[in-house]
Structures are given as structure tokens and as C-alpha cells.
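Please look over the structure below before reading the numbered notes.

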Amino acid sequence: MVDRHIGFVAPGAQLYVPEALLDLRERTSRPRVIVGDHLGPTAQLLTIAALLNRLPREASQTELAARYEVAIMSVSRALDELEAMELAVPQIVGRQRWLRFTLEGADLWHAVEPRLQSPVRKTRTVRGALPLDVAPFAGESALAHYTMLAEPPFAQRALAAAHWKIAQSDFQLREGFDFDDTDRIELETWSYDPRALARDDVIDPISLHLSTRHHPDERIARAAQQLLEQFGW
């Protein structure tokens, strides 16, 4: 009826009078969001992007979904989480929700750090020719890029868990054994896409810190801590 410019009343919902240029809609309050111990994957991704200064100061959920290749509903839930934690303020521009953090830099890090977790869901040993633009360097390979830690015996890479089945099929990845060093890769599958914040085929330093800070090898744990020195936190 709106398309045909026919006026109508939907009790408790909408009043539409095209002759008077009137379109009133009932705005229901959003359900209260219960914040868990950890941020969800998309909320964590957006927060890390802000910490790295790789997030527009104000961006709509549609723009964020396109930029980081996630579903709009995932971005919407992430905004709910961030607003519930008072890390972001609700903002409506037209019909779009926009993201605007209330904190930045060290203040944002200290506020959110306890709720950030390793993005790694599982680590597999595989063989195959897996392009770096599909699975960037991660783990010790990435630490060797950012710090003085030595390169590991085999490349360590990262891939979105949602892309594992496709990559396994497209690149004919096979199980790799410890005694077989031909095309061996130690592949982490992540809760969000590591490519979203990767630079020069290497995962971002904050996600790397989160994925290695509790490593049982003290050398790796120390290198993980060194990653934060560049930020001065």
C-alpha cells in the first residue's frame, strides 16, 4: 500500500497518510542484550580494527559488513554487544545504524582486553599449495615477522573456519604427518577471517597476541607480549 500511496492505519504499528506526507511508525525498544564473558567474533574483529586505527570513525553496519565481508546481521549483533558494554554509542543515520566507539587507544584496550579471546578454534597439519592471499602467516611464522623469534620448521598459517571445507576442496589439502615435510603447513582455523586485518600476508599483531599470549613455550609467550610494545599500552 505504501508503494501505491494508499493511506492506512495499522493499530500500534504504523499510520501512513501520503497526502499529508505522514508516515509514523511505532518504534519498539530493542531487547536487552546479555553480555557474556567474551565478545563475539564480529564484535572482536571490529574492536581490533578500531585498536589498529583501521576502522572509520563512523561507519554504517552495511559499510562494515561489506568492508569485512561478514553478514549484516552479524554486524548488527556486534553493535548490540558493544553498545551493551558501553564501548559504543547507539547512532541512527537515516535507516542505518552506525558504529561509533566511545573509547580509543589504551582506554579501549584496557576496557575490552579481559573479554578478548584467541580467535583460533582448531589447528590442523596439512599438505598442499595454499595461497597466502587465502591463508596468511600466523602463529610463530607471524611472530618471526614482527619480532626476533626464529622462523618455525614449518609455516604456520590461518584461515577462517567457515572457509575450511572450501579451501580443503579447492586446494586439495591433505593430512600432513610429522615425518613428512613436503608442503607441510600448520593451519589454524579462526572464528573470524584473518584476512580482514592482515597486512603483507601476515595476520594483525593484536589477533596474533591473543592467539599466542598463553602459549606454554615461554619464548613464544614473551614474543607475544612484545607485540603490544609498539602501541605503548
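Which hand does the crossing of helix 5 and helix 7 have, left or right?

1. The crossing of helix 5 and helix 7 is left-handed; that is, the near helix is turned anticlockwise from the far one by less than a right angle, clockwise being right-handed. This is a predicted model, in which local features need pLDDT of at least 70, side-chain atom pairs count only at pLDDT 80 or more, and totals for chains, interfaces and linings use all residues. Residues are numbered from 1 along each chain as its sequence is written, and side-chain values use heavy atoms, with hydrogens and water left out.

2. Axes are lines fitted to C-alpha atoms, for helices over the stretch in contact, with angles from 0 to 180 degrees between N-to-C directions. Helices are DSSP runs (H or I, at least four residues), numbered from the N terminus.

3. On the helix 5 side, Gly 139, Ala 142, Leu 143 and Tyr 146 make the contact, and on the helix 7 side Pro 205, Leu 208 and Thr 212 (contact: heavy atoms within 4.5 Å).

4. Helix 1 (residues 41-51) and helix 4 (residues 105-112) have axes that come within 10 Å and cross at roughly 150°. The two helices are therefore roughly antiparallel to each other, and helix 1 passes helix 4 in a left-handed crossing. Thr 47, Ala 50 and Leu 51 of helix 1 meet Gly 105, Leu 108, Trp 109 and Val 112 of helix 4.

5. Trp 109 also takes part in an aromatic pair with Trp 233, which is stacked, at 5.0 Å centre to centre and 15° between the planes. Rings of Phe, Tyr and Trp (its six-membered ring) pair if their centres lie within 6.5 Å; planes under 30 degrees apart are stacked, over 60 edge-to-face, and the rest tilted. Trp 109 lies in helix 4 and Trp 233 in the segment after helix 8 (218-226), so the pair ties together parts that are 124 residues apart in sequence.

6. Trp 109 counts as buried at 5% relative accessibility, while Trp 233 is partly exposed at 24% (buried: under 20% relative accessible area; exposed: over 50%; partly exposed: in between; 1.4 Å probe, protein chains only). Together with Phe 231, Trp 109 and Trp 233 form one aromatic cluster.

Methods. Parallel < 35°, antiparallel > 145°, perpendicular 65-115°, else oblique.
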